[in-house]
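Open the model in a viewer and keep the selection panel at hand. The stops below go from the whole chain to a single residue.

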Amino acid sequence: MTIKHRFAKIDATLVKDKMYLTQKNQIRGLEKREYTALKELCCLSKNLYNVGLYTVRQFYFQEHKHLPYESNYHYCKENENYQLLNTD
């Protein structure tokens, strides 16, 4: 199912009786330099999300406990993706 909105396209996917919504935004009128910077930031953000997810999984396999968000921060802040995002 796809719902078209004025600025975004929202897709609904049904997987094992759960509905997942995703949103795609179309950004127009960017210069090449702006587009490249935005694409790089999105890539860094995706990589940092994957680092956090990997850290939580590895902690669970080793300790058999869930790693809280606040503790995961201390593991991930040393990652190069975090530092390149200039989050501090």
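A residue is called buried when its relative accessible area is under 20%, exposed when over 50%, and partly exposed in between, using a 1.4 Å probe and protein chains only. By that criterion, 16% of the 88 residues in the chain are buried.

This is a predicted model: local features need pLDDT of at least 70, side-chain atom pairs count only at pLDDT 80 or more, and totals for chains, interfaces and linings use all residues. Residues are numbered from 1 along each chain as its sequence is written, and side-chain values use heavy atoms, with hydrogens and water left out.

**Whole chain.** Colour by secondary structure, taken as DSSP runs (helices H or I, at least four residues; strands E, at least two) numbered from the N terminus. There are three helices and three strands, in the order β-β-β-α-α-α from the N terminus.

**Residues 32-63 and 69-76.** These are helices H1 and H2, packed at an angle of about 115° with axes 10 Å apart. Axes are lines fitted to C-alpha atoms over the stretch in contact, and angles run from 0 to 180 degrees between N-to-C directions. The pair is therefore roughly perpendicular, a label covering 65 to 115 degrees.

**The contact.** Select Leu 48, Val 51, Gly 52, Thr 55, Val 56 and Phe 59 in H1, which meet Asn 72, Tyr 75 and Cys 76 in H2; contact means heavy atoms within 4.5 Å.

**Asn 72.** Leaving out residues up to four places away in sequence, Asn 72 touches Gly 52, Thr 55, Val 56 and Leu 67.

Key: Parallel < 35°, antiparallel > 145°, perpendicular 65-115°, else oblique.
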